[in-house]
Amino acid sequence: MQKKIIIGTRASILAVAQAELTKKMLLDSCDNLEVEIKKIITSGDKDQRTNWNKDNKSLKDMFVKEIERALLDGEIHLAVHSMKDMPAVSPKGLTVGAVPMREDNRDIIITNSGATLDELPQGAVIGTSSLRRVESIRSLRPDLVIEPIRGNIHTRIEKLKNENFDGIILAYAGLKRVGLKNLATEIFEPKRIMPAPAQGALCIQCREDDNFTLELLDKINHRETSLVIDAEREFSKIFGGGCTTPMGCHATIDGESIKIQGMYFHGDKIYKDEITGDKKNGKELAVKLAEMIRGQIDG
């Protein structure tokens, strides 16, 4: 008997691309399944002007709550989110059903001239609204001018072309998912610009009492991605993570070991450290890493 599943997603090009990716994974993992994608307009999609770093609105309020309401009301079976937008705890009645294999979590720069970050002229204007990226770029090139920029990937690329920007910073994962990875001028390794915790990962959310959907999602869950994301989000939680917090975290697994690198900006300095241990203890290691960085800050 064929079963129909409805995926809820924001209506942005990137969000729909992520939903299509999830749809393909589900169809590849299960026979006799029909999958529909339902686009939901969120507050964040309607508001393309607010700089949240200044008014401290949360990404949950802007991009997630309408979709979670649709889940709880039974309008959709599952929702596809960017994991970095998700709060540490799901609302009552909802759970994370799957974390698929992560896409490349590095940041990139696109410049009009094709110059890399080091090659840009003094005073060049860089667009980003992420405090983590702002402080990271300032540490590498304090002579550059950094201006806020809002909108989805395509909007920001249009602003780069038509407004007073020489370059913009974006997540490589999003660029790849919408088929524009060739636009990246330079890809930043994590030791140069530390990615945001959980960047590049998807969160597939569903109702905790929906056993059929949970069984489906278990087939597309990627165990090692779940472990590194758990560690990165634990580090984020300790530092009060969000778009208003200038911090980064990058975890990788090699065999039975997990290596976690963390960064936190405090005062006028970036503090970094790393820790390695058993991959089963990622969250505990993330706590220790946060303590090590706090120790640096406290002197």
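Predicted model: local features only at pLDDT ≥ 70, side-chain atom pairs only at ≥ 80, totals over all residues.

Colleague: Why is the pair of phenylalanine 235 and phenylalanine 239 called tilted?

Modeller: The ring centres of phenylalanine 235 and phenylalanine 239 are 5.0 Å apart, and the angle between the planes is 55°. Centres within 6.5 Å make a pair. Planes under 30 degrees apart would be stacked and those over 60 edge-to-face, with the rest tilted; therefore a pair at 55° is tilted.

Colleague: Is tyrosine 264 buried or exposed?

Modeller: Tyrosine 264 has a relative accessible area of 17%. The limit for buried is under 20%, so tyrosine 264 is buried. Ring pairs link Phe235, Phe239 and Tyr264 into a cluster, and the count of aromatic pairs comes to two.

Colleague: Which residues make the contact between helix H9 and helix H10?

Modeller: The axes of H9 (residues 223-238) and H10 (residues 282-298) come within 8 Å and cross at roughly 40°. On the H9 side the contact is made by Asp230, Ala231, Glu234, Phe235 and Ile238. H10 contributes Gly282, Lys283, Ala286, Val287, Leu289, Ala290, Ile293 and Arg294. By class, eight of the contact residues are nonpolar, one is polar and four are charged. The crossing of H9 past H10 is right-handed.

Colleague: Why is serine 136 called buried?

Modeller: Serine 136, which is found in helix H5, has a relative accessible area of 2%. Since buried means under 20%, the value places serine 136 among the buried residues. Leaving aside residues up to four places away in sequence, serine 136 touches Ile193, Met263 and Ile270. The buried residues of H5 (residues 131-140) are Arg132, Arg133, Val134, Glu135, Ser136 and Ile137. They pack against several strands, among them S5 (107-111), S8 (167-171) and S12 (257-266).

Colleague: What makes lysine 3 a charge that sits over the ring of phenylalanine 212?

Modeller: The charged end of lysine 3 sits over that ring, 5.3 Å from the centre. The distance limit is within 6 Å, and the charge must also be within 35 degrees of the ring normal.

Colleague: Where is asparagine 32 found, and is asparagine 32 buried or exposed?

Modeller: Asparagine 32 lies in the loop between helix H1 (13-29) and strand S2 (33-40). Its relative accessible area is 52%, and exposed means over 50%, so asparagine 32 is exposed. The phi of asparagine 32 is near 55°, a positive value in a residue other than glycine. Most residues other than glycine have a negative phi.

Colleague: How do you know that alanine 198 is buried?

Modeller: Alanine 198 has a relative accessible area of 1%, which is under 20%, so alanine 198 is buried. Alanine 198 is found in the loop between strand S9 (186-188) and strand S10 (202-207), with a positive phi near 70°.

Note on methods
Residues numbered from 1 in each chain as written. Heavy atoms only, no water. Axes fitted to C-alpha atoms, helices over the stretch in contact; angles between N-to-C directions. Helix = DSSP H or I, 4+ residues; strand = E, 2+ residues; numbered from the N terminus. Left-handed = near helix turned anticlockwise from the far one by under 90°. Contact = heavy atoms within 4.5 Å. Nonpolar A, V, L, I, M, F, W, Y, C, P; charged D, E, K, R; others polar. Buried < 20%, exposed > 50% of the residue type's maximum accessible area, 1.4 Å probe, protein only. Phe/Tyr/Trp six-rings, centres within 6.5 Å; stacked < 30°, edge-to-face > 60°.
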